[in-house]
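Dear colleague,

I am handing over the structure below, together with notes on what was found in it. Please read the notes with the model open beside them.

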Amino acid sequence: MAAKATPRKAVVVGAGPVGCLSAISLAKMGWSVEIYERRPDMRLPSSKAAAQQRSINLAISARGIAAIEAIHPNAAGRFLKTVIPMRGRMIHHVSGSQESQLYDKDGQCINSIGRAFMNENLLTEALDIPNIRVLFKHKVASIDFDERIMVVREVDTERDLEIPFDFCVGADGSYSIVRGQLMRVIRMDYQQEYIPHDYLELKMPAGPVVGGEPTYLLDPNHLHIWPRHTFMLIALPNKDKSFTCTLFAPTAEFDRFETPGAIIKFFKAHFSDALPLIGEEALLHDFQQNPRSSLMSVKATPYHYKDRAIILGDAAHAMVPFYGQGLNCGLEDVRVLDILLRAEGVNPASLANGGEDSSLARALARYTESRHEDLVSICELAMDNYVEMRHSVVTPGFLFRRALDNILYTISAKLVASTSLRPTLSREAFPSSTPSAWLPLYTMVTFRPDISYSTARRIASREHRILEVTGWASALIAVSAVGITTITILRRLGLIHPHNTG
C-alpha cells in the first residue's frame, strides 16, 4: 500500500485579512500553511490599544464579501452580522445643512467594520483549520526563493531561524519585505508615490443613553463627509455607537496646527457641526496622542517568481483609501488566485526531488498577466475619487452627471444581486466581461464583483465619451423636456434628501 503523500508547505507572510484569507484558501486545497507575523497576537489586550490608534475603519462591499464567500462561505455570514450598512454619503455643508446622496438606486450598501474586529475574526477562522498555524513576533529577515529558505528572526530572543518552504505568499503590506526580496531575483517594475496629504484618526463618542442603550450622534447608515475642496473629514459608524473620524488634509495644512488654539479655530471654521460632537478636549487629545500618517500608492509587476512566490494585497498594490477598495481588492486577489490554482490543477502533494511545479508556475504567471491591468485601474480610480469626495460631491456638474447616470441606469439595467453571483464567482474570476446596460462607475466598482476593475473603467470611459458626443446641453434639454429639474430628479430617485439642521 502506497504511503500517503505529505502536503507541501506554504508560508504566508503577514497575518492581516489578506494573509489570513490566503492561508484559508491554501489550507482548503491541502497545503500545510504557516503564517509569519512580526507583531504580537492582535487579539491580546496589549495589542488592541495600539491598533485603535492607527487604523482607518474599513468599508467592506460586494467584492470583499464575494471573496470571503467563495473561499470560506460560513465566515461570510458571520461577518455580515457584525457590519453596519451605509446606504450613502451624508454631505455636511459649511452652513451646517446636510444632504444625503444614496450610493445605489436599489438600496445596495457598503458596510462599516472595524479593522481590528475584521482582522481578529479572520485570524480566528484561519486558526480553526487544522493545517494552519500562526507564529507571532516572527519577522522575516531574508528569503532565498531558489533554495526555498526563509530566514525569520524571533523578535523576543533575536534568534534567527531558517524556515524551509515550497511556496511563499507575501501579504505583508505596503512596505513588504517579500516584495523587496523578489526585486533581487526578478526585473520588477515598481512605482511608489506619496500624495501631499496626511491623515489623522479622531473619535466621536456615543450619544446619550436612551432606554438603557447609548445612541448615535449622527445617522449610522451613512458615511459622513465634510468636503472642503482641499481637505475633508469623514466619519464611519461603529457598533458601540461611536464614530471613527478621519481628517485628510494637505501636509502643509497639518503643519499649521502648532497650538491647541489653531486646531480649535480650524475646526470651528470648517467643521462647526462636528466639533461639539467630538468635543474640544477629546479633539485635542487625539491630535496629541494619535499618529499623523502619510498616504501612498504602490504599483508593481510582475507579482510572482517561478512557482515559488507571489505578492497580494497592499504588498502588490497599495492604494489611497478614497474608493474604499483597498481591503476589497486584496480579498479579491485571493479569490482570483484560488480560481487559477484550481483551474491549473495545482496539487499540494510533495514533488519528487523538490522539482519545479509547472502547474503552479502557470497559475502564478496567469495571475500576473490577467490581474495587472485591474490593479493599476483601481489604484488610479482611488486617487481620482479623492477629488470627488473632498470637492466634486458638492458641485452642480457632479450632481447633474450623477442624475443622468442614474436615469440611464434605471431605464436600462436590472438589479444584479451579489448573492445571485456566488456560485459563479467561486469558479470564474469575472464572468460579466461585456455588460450591455448603462452602469455608473461607482456601481460597477462597489456592487458588481463580476465586473473587473479595468472593465469598469473602460465602460465608464465609453459612457463619458457618449455624453461628450451627445453634449451636456442636449442632455439637459432632454431632461427639461419632461418638466423635471436636475435637483428634482435626484430627489424623486431618492438620491438626495435635504436635511435642515438649523
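K306 lies in the loop between β20 and β21 (309-311), where helices (H or I, at least four residues) and strands (E, at least two) are DSSP runs, numbered from the N terminus. Phi of K306 is near 45 degrees, which is a positive value in a residue other than glycine, and at 37% relative accessibility K306 counts as partly exposed; buried here means under 20% relative accessible area, exposed means over 50%, and partly exposed lies in between, with a 1.4 Å probe and protein chains only.

Before going further, please note that this is a predicted model, in which local features need pLDDT of at least 70 and side-chain atom pairs count only at pLDDT 80 or more, while totals for chains, interfaces and linings use all residues. Residues are numbered from 1 along each chain as its sequence is written, and side-chain values use heavy atoms, with hydrogens and water left out.

The peptide bond from T301 to P302 is cis, with omega near 0 degrees.

A positive phi also occurs at R148, again a residue other than glycine, with a value near 60 degrees. R148 is found in the loop between β9 (138-144) and β10 (149-154), and with a relative accessible area of 12% R148 is buried.

Lastly, there is helix α8 (residues 260-270), whose buried residues are I263, I264, F266 and F267. Seen down the axis of α8, these residues fall within an arc of 160 degrees, so they line one face of the helix; the arc is that of the directions from the helix axis to the C-beta atoms. On the other side of α8, K265 and K268 are exposed. The cover over the buried residues of α8 includes the strands β13 (189-204), β17 (232-237) and β18 (243-250), as well as the helices α7 (251-255), α9 (275-278) and α10 (280-289), with contact meaning heavy atoms within 4.5 Å.

With kind regards
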